[in-house]
Amino acid sequence: MIQVNGKPMIWSEGMTVASMLKEKNYIYAKIVVKINGVFIPVEKYESTFIHDGDDVKAIHMLAGG
Amino acid sequence: MEKRYQRNMKLMTQDEITALKKKRVCVVGCGGLGGYIVEMLSRLGVGTITAIDGDVFDETNLNRQLLSEEALIGSSKAEAAKSRIQKVNSEVEVVAKAVFLRDDNAVALIAGHDVVVDALDNISTRRILEKACSVCGIPLIHGAIAGWYGQVTTIMPGSGVFSKLYPETAEKGIETELGNPAFTPALVASIQVSETLKLLIEKGEPLVGRLLTLNLLDHEYQIFEF
């Protein structure tokens with residue numbers, strides 16, 4: 001189990017930032033991701049694995065006014 | 001006790017209401033967020049409000065921007081803010097600046113204010129504004145919206161929050177895909193105004209070092225610490 005934005009999400013072996021975002025239906029290109037407080041740049045979404053127990057923050061980038 | 005501010009009592013003391021009349025707040029952007037913000041600040045009784053926006057109303061603004069009216073299409077948003085404030089509270093000194101905030105005018109525009117409110121619609125101008133607020137030592141109340149989503153944080157001078165919130169080359173967020181309805185700016189603007197008031201009368205716990213995110217679709221309201 002991992003935490004995504006404070007809510008539990010079932011973890012699976014081989015889960016990456018990219019696969020987690022896809023599963024959550026987050027709009028891929030405009031999101032800010034942190035794992036255990038560490039910022040993950042977009043070019044590393046495919047190669048960054050999420051581990052069981054990780055605390056993930058995935059915040060949509062908003063700029064409208 | 002003026003009747004005008006009678007219902008502000010309990011929330012504020014008479015001394016705080018009096019102190020508020022000497023405060024100066026600068027609202028940068030008079031669109032979706034800014035329209036509601038100037039409305040609420042003037043009803044609270046903030047002494048001086050500066051409304052900055054170089055844009056004019058177009059038809060696409062009518063779905064959400066409080067200050068927009070069919071008859072005002074093509075008119076200055078900053079001037080509309082001034083006109084509205086004067087109708088709501090003639091005690092407020094209102095300064096309309098019908099210009100866009102840029103690197104070369106930002107410090108001059110915001111200098112001398114107690115609080116600056118970010119009601120902008122793009123990231124590059126937000127970065128300019130944050131830098132100018134740091135130079136002037138003025139707190140900045142950030143708000144942004146997209147579709148069902150909103151966010152608010154209170155940025156103290158020198159804390160460099162936007163570099164943590166937005167990737168370096170970003171200019172727009174998901175609002176380009178999700179649009180902007182009427183209810184999201186109204187809610188986010190309300191929170192920005194409450195943050196502004198807290199700083200002005202030194203009450204409560206502002207969102208410093210914390211980002212409040214609002215998801216109205218699923219009713220998820222969270223606070224992220226930087």
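**Close-up 1. Nonpolar surface patch on chain B.** In this predicted model, B:W148, B:F183 and B:L217 make up a nonpolar patch on the surface, and together they present about 300 Å² of accessible area. B:W148 sits in the loop that links β5 (140–146) to β6 (149–155) of chain B. The relative accessible area of B:W148 is 40%, so this residue is partly exposed.

**Close-up 2. Helices α2 and α3 of chain B.** Two packed helices are described by the angle between their axes and by the distance between the axes. Helix α2 (residues 32–44) and helix α3 (residues 77–88) of chain B have axes that come within 9 Å and cross at roughly 30°. Angles under 35 degrees count as roughly parallel, and α2(B) and α3(B) are therefore roughly parallel to each other. The crossing in which α2(B) passes α3(B) is right-handed.

Close-up 3. B:R43 and B:E39 form a salt bridge in which the closest N and O atoms are 2.7 Å apart. The two residues are 4 residues apart in helix α2 of chain B, which means that about one helical turn separates B:R43 from B:E39.

Close-up 4. Side chains of opposite charge can pair when their charged atoms come close. The side chains of B:R210 and B:E205 meet in a salt bridge with an N to O distance of 3.8 Å. B:R210 is buried, its relative accessible area being 18%; B:E205, at 60% relative accessibility, counts as exposed. Elsewhere, B:E39, B:R43 and B:R84 are joined into one network by salt bridges that share partners.

**Close-up 5. Salt bridge between chains A and B.** Over all chains, a search of the whole structure finds 12 salt bridges. One of them pairs the side chains of B:E220 and A:K7, with 2.8 Å from N to O. This pair crosses between chains: B:E220 belongs to strand β8 (residues 220–225) of chain B, and A:K7 to strand β2 (residues 7–9) of chain A. A:K7 has a relative accessible area of 42% and is partly exposed.

**Close-up 6. A:I35 in strand β3 of chain A.** A:I35 is placed in strand β3 (residues 31–35) of chain A. With a relative accessible area of 8%, A:I35 is buried. A:V17 is 18 residues away from A:I35 along the chain, and the C-alpha atoms of the two are separated by 9.1 Å.

Close-up 7. A:N5 is not a glycine, although its phi is positive, at about 55°. A:N5 occupies the loop between β1 (2–4) and β2 of chain A, and it counts as buried at 9% relative accessibility. B:E202 is likewise a residue other than glycine with a positive phi, here near 50°. B:E202 lies in the loop between α8 (183–201) and β7 (210–215) of chain B. At 74% relative accessibility, B:E202 counts as exposed.

Terms used. Residues are numbered from 1 along each chain as its sequence is written. Chains are lettered from A and ligands numbered from 1 in the order in which they are written. This is a predicted model: local features need pLDDT of at least 70, side-chain atom pairs count only at pLDDT 80 or more; totals for chains, interfaces and linings use all residues. Side-chain values use heavy atoms; hydrogens and water are left out. Patches are made of residues with over 30% relative accessible area and no salt bridge: like charges are joined within 9 Å, nonpolar side chains (Val, Leu, Ile, Met, Phe, Trp, Tyr) within 5 Å. Accessible areas come from the Shrake-Rupley method with a 1.4 Å probe; for residues, only the protein chains shown count as cover. A salt bridge is a side-chain nitrogen of Lys or Arg within 4 Å of a carboxyl oxygen of Asp or Glu. Buried means under 20% relative accessible area, exposed over 50%, partly exposed in between (1.4 Å probe, protein chains only). Axes are lines fitted to C-alpha atoms, for helices over the stretch in contact, and angles run from 0 to 180 degrees between N-to-C directions. Angles under 35 degrees count as roughly parallel, over 145 as roughly antiparallel, 65 to 115 as roughly perpendicular and the rest as oblique. A crossing is left-handed if the near helix is turned anticlockwise from the far one by less than a right angle, and right-handed if clockwise.
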